[in-house]
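Open the model in your viewer and keep the selection panel at hand. The stops below say what to pick and what is there.

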Amino acid sequence: MKINVETTDITKAATPALVVNLFSGVKKPGGATGAIDQALEGAISHLIEDGEIKGKQGELTLLHTMGRIGPARVLVAGLGKQGDFDADVARRVSSEALRFLSRRGICEAVTVAHGAGAGGLSPEEAGCAVAEGSLLGLYRFDRYHTNGETADSEFTQLTIAERDEGRVQAIRGGVAQGRAMAEATMIARNMVNEPANAMTPSAMAETARRVAEEHGLGFEVMDNADMKGRGMGAFIGVAQGSDEPAKLIILTYEGDPANPENNLGLIGKGITFDTGGISLKPAANMEAMKGDMAGGASVIAAMQIIAQLKPRINVTGMVAATENMPGGSAQRPGDVVRAMNGKTIEVINTDAEGRLVLADALCLARERGITRLVDIATLTGAMVTTLGKACTGVMGNDDALIGDVIKAGKQTGEKFWQLPMFDEYKELIRSDVADMKNTGGRQAGSITAALLLQEFVDGAAWAHLDIAGTSTSEKASGYLVKGATGAPARTLAQLAMNLADPSG
């Protein structure tokens, strides 16, 4: 979809639909909405008086103009309370408005930059939010539908109308950033939505290679033999049950090559299908386990955004990609594996595999001198039980880095909640035969998984993001659609920009 920014008189714009907005509690609209209201002889004000338009967030009211002004239709989008407005509301409103129009066969529209006036957003923030919300809200994954029929029209063009010529360039800059964020997030969504027979570890590596080539990133892949030679016994233990070759994918961005200590590592779990291994999962809903590589997908997407926005920081993205299958060579409950740093892990349950592949990836990141680490994984069902699908659980050893993640999430609209890492929980993963065991049972399952990962960060500042709940959405809501969300790719990219050297 093309997104233009133009200086135009919205009352004269020849468009199938114009999107304006209204805060709740407003009796007499002002700004762009007021101009349209006046041109329509108070039509919007009358509907407000009659209680048909209240301005509640999510409220959409369509008016047919009957040739009285340039736009054939005006869609009034409720913004909710002015005191609660932020960029995320602008994203949600943009996505819901365009989906509403698309369902009615409309494929192009003009919109105001929600929030750039009374909402208090800067022109850049408003442009970014409109672009992100519009593109993400219109996303769909339909490549396997052979009849080519979809319920909605394909949106082709959105024009953001701005009265002040001096603000147009700033909005365009925001649109460019929003497009970069959204398009990469859609790559992550595509990867997670693909069936596991298509999105294999090799296919993940190929996707990463294309991203690297198109955006100037360094690219490297380690295969089974490479990992075995490096002593990555925890990773290989998971991979040995599958006929699909495992891949440890590495993407590098050098935004500050003169200062190698200015770095960030993003480490993603890439289990492209998780049967549970010998500790086989129940058959019901196992098809959803194609999405157990969402953490890795978000890392690849974040690296694309970072390459486009060019923050002054060095970022390494790693994806530990393999299947977890119950083949004849699969590891067994009771096996002991040795990770790259020499520590041993007793495998109590082969379905606790994500922490094993991440353990070796974290070791490799530390070996390469990365001092700030964020790992991202659909790691535990316990996280869904604890926090549901509203937010991502975050744990770690560095409150400053965790705070940075939470701050970046507030900027992108992705929510995070910190869980404790008290020493008492370590007793749950103590093993009689190895340094630790890979699961502590039902108690504090998300926390004990994080505590195991902490054994492999070797003193680096580290945050662990458990996206088991937030990697998918069960319905369309705002800029999320049913299926993969792409979270937290935008937050990871925002984190890198926030941590970057400000002189860059």
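Select G445, S446, I447, T448, A449, A450, L451, L452 and L453: these are the buried residues of helix 13. Buried means under 20% relative accessible area, exposed over 50%, and partly exposed in between, with a 1.4 Å probe and protein chains only. Helix 13 spans residues 445-454 and is mostly covered, with nine of its 10 residues buried. Helices (H or I, at least four residues) and strands (E, at least two) are DSSP runs, numbered from the N terminus.

This is a predicted model: local features need pLDDT of at least 70, side-chain atom pairs count only at pLDDT 80 or more, and totals for chains, interfaces and linings use all residues. Residues are numbered from 1 along each chain as its sequence is written, and side-chain values use heavy atoms, leaving out hydrogens and water.

Next, show the open sheet with strand order 1-6-5-2-4-3 and mixed pairing. Strand 1 (2-6) and strand 3 (60-64) are its edges; each has a single partner strand, so one side of each lacks a neighbour in the sheet. Two strands pair if DSSP finds at least two bridges between them. On average, neighbouring strands of this sheet are turned by 25° against each other, direction ignored.

Now pick strand 5 (residues 108-112) and strand 6 (residues 157-161). They run parallel, joined by five bridges. A109 stands opposite L158 in strand 6.

Contact means heavy atoms within 4.5 Å. Axes are lines fitted to C-alpha atoms, for helices over the stretch in contact, and angles run from 0 to 180 degrees between N-to-C directions.

Helix 5 lies across strand 1 and strand 6, at about 165° to strand 1.

Strand 11 and strand 12 (residues 344-346) pair in the antiparallel sense over three bridges. Select R338: its bridge partner in strand 12 is T344.

**A helix pair**

Finish with helix 12 (residues 399-412) and helix 14 (residues 489-499). They pack at about 120°, with axes 8 Å apart. The contact includes L401 and V405 of helix 12, and L495 and L499 of helix 14.
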